[in-house]
Amino acid sequence: MQNKVLILDFGSQYTQLIGRRVRELNIFSEIKPYNKLPKDLSEYKAVILSGSPLSVRGEDAVHPDLSEIRGKKPLLGVCYGAQYLAHFHGGSVEKSNTREYGRANLSFIKENEPFFDKVDTGSQVWMSHADTIKHLPENTTLLASTHDVENAAFKFEGEETYAIQFHPEVYHSKDGKQVLENFLVNIAGMEQTWTPDAFVDKTVAELKEKIGDEKVILGLSGGVDSTVAAVLLHKAIGKNLHCIFVNNGLLRKNEFGDVLKQYEGMGLNVKGVDASARFLDDLAGESDPETKRKTIGRVFIEVFDDESHLVENAKWLAQGTIYPDVIESVSATGGPSQTIKSHHNVGGLPDYMKLKVVEPLKMLFKDEVRRVGASLGIDKALLGRHPFPGPGLAIRILGDITPEKVAILQEVDAIFIDGLKKWDLYDKVWQAGAMLLPVNSVGVMGDERTYEKCVALRAVESTDGMTADWVNLPYEFLQKTSNDIINKVPGVNRVVYDISSKPPATIEWE
Ligand code: XMP
């Protein structure tokens, strides 16, 4: 493919955002660590250098050899990338005297510059840097400044190399996406053809070619990623895709039956396996959160393995891995150590299951998975489902797990989640759920003293689950939900609402 952008990652927290913004422009992008420059650069039509926590003045400053790129392909340096282009090419970078974090406004030095097409002077941009570019290299033209940053944007004459001190990838840079579009479309001449429909067509053709008439096994979880992966594969290989949907007894109320029906309605070749008793037996008496997780992971593999063996002659294992799980991230120190996040929707499979792995979504960001899902005609409600942890309600029942506690929490959770939907709040919340606490408290119902369970409700807003804040749900909604729970769920006499952010708390209580 010629129409790709290479994003060289110098370890910035925003590198993935650059990738996403470029994809939002319907242009395909790939992120690679700065020290793993692809050998074949002919695949890429333009290159973007990311920011970095490092300083170009430091001993640990990284400066990969870009001689095969600079002057040969359109190149854009962002923040550290811009400082890199200045410092190692005849200019100079110094420690900044004023704080340069947050909002700033562009003023153009050179008018009618295609790089700033459709961007008005005064446009708000986002700065986040401790160093500043003092002197530009020779043969460069200053394009824009801000109040505190003289050299905010510049270009090298005679080549398509641009450098910007601000971050076009963050939402606070109002015209950031326009700037990226100007660079990629106006200057690099790229085509905006990376659409969900195009992805589906191309991927289905590739899967057909790769898998032929061999059989594939896939573990469905009810979540967005595994569902979209299944529908894509089903489109490519039909009944040769064998889906397994395991009930671990820790799903939401009626979830197993409802989701299974939905899958069948989509024409998927899916087998529902109710292994609730097996999971709950193995979890009995266990209170430690990590042991609970491990037990569930182990039992899942056992169940999945048993079921896979029933599919004769299966050659492939499909997984719903997505791009953020496979991007190699550069360590914050910029050093050579690489952290590769690995992710297995099926909890990591034993070696003896000698299956080839196919991951049709591994180049997609989460929002793209949803767009591809929509283009495949998957139900909107299914695509918009909140994330739900693999260990399910096990990590929302604090302390040991019993079938009675699971039943109580399923009822509480259903009242909360159905209420969010009725009040039109569900889509405004990133994730919500209820926790069953391991304490009883005193209450009074009628003339009777009660001594029953307490539940905590949690609703958070977030973009990726890494940080989160509690949602300011309307008091009237909380009041009604609390009433419903206490009146309708025997064994619960108190409801509290969790108002902790992450960090320092986490989303789940265990
Ligand atoms: P925390 O509690 O770490 O959760 O703030 C962040 C996100 O991860 C989900 N989560 C899990 N997902 N297995 C999963 O598949 C787990 O063990 C697990 N623990 C937390 C959580 O629901 C939230 O979306």
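Which residues surround the ligand?

## The ligand and its surroundings

The ligand sits among Arg293, Pro389, Gly390, Pro391, Ile395, Trp430, Gln431, Gly465, Lys502, Thr506, Ile507 and Glu508; a residue is taken as near a molecule or strand if one of its heavy atoms lies within 4 Å of it. This is a predicted model, in which local features need pLDDT of at least 70, side-chain atom pairs count only at pLDDT 80 or more, and totals for chains, interfaces and linings use all residues. Residues are numbered from 1 along each chain as its sequence is written, and side-chain values use heavy atoms, with hydrogens and water left out.

Sorted by class, the shell around the ligand holds 5 nonpolar, 4 polar and 3 charged residues. Here Ala, Val, Leu, Ile, Met, Phe, Trp, Tyr, Cys and Pro count as nonpolar, Asp, Glu, Lys and Arg as charged, and the others, Gly among them, as polar.

## Polar contacts and cover

With Ile507, a backbone N or O atom lies 2.7 Å from a ligand oxygen. Of the 500 Å² of accessible area that the ligand has on its own, the protein covers 68% (areas come from the Shrake-Rupley method with a 1.4 Å probe; for residues, only the protein chains shown count as cover).

Another cis peptide bond, with omega about 10°, joins Pro503 and Pro504. Strands (E, at least two residues) and helices (H or I, at least four) are DSSP runs, numbered from the N terminus.

## An open sheet

Turning to the strands, 8 of them form an open sheet with mixed pairing, in the order S2-S1-S3-S4-S10-S9-S8-S6; two strands pair if DSSP finds at least two bridges between them. Strand S2 (28-33) and strand S6 (107-108) stand at the edges with a single partner strand each, so one side of each has no neighbour in the sheet. Strand S1 (residues 4-9) runs parallel to S2, joined by 6 bridges, and Ile7 stands opposite Ile31 in S2.

## Strand S14 and its partners

In strand S14 (residues 314-318), 4 of the 5 residues are buried (buried means under 20% relative accessible area, exposed over 50%, partly exposed in between, with a 1.4 Å probe and protein chains only). Strand S11 (residues 215-220) runs parallel to S14 and is joined to it by 4 bridges, with Ile217 paired to Leu317. S14 also pairs in the parallel sense with strand S17 (residues 356-358) over 3 bridges, and there Leu317 has Val357 as its bridge partner.

## Buried and exposed residues

Is Asn247 buried or exposed? At 10% relative accessibility, Asn247 counts as buried. Asn247 belongs to strand S12 (residues 241-247). Beyond its neighbours within four places in sequence, Asn247 is in contact (heavy atoms within 4.5 Å) with Phe256, Val273, Asp274, Ala275, Ser276 and Phe279.

Asn313, in the loop between helix H8 (289-310) and S14, has a positive phi of about 65° although it is not a glycine. At 57% relative accessibility, Asn313 counts as exposed.

Terms used. A polar contact is a pair of N or O atoms within 3.5 Å; within protein, one must be able to donate a hydrogen and the other to accept it, and residues adjacent in sequence count only if both atoms are side-chain atoms.
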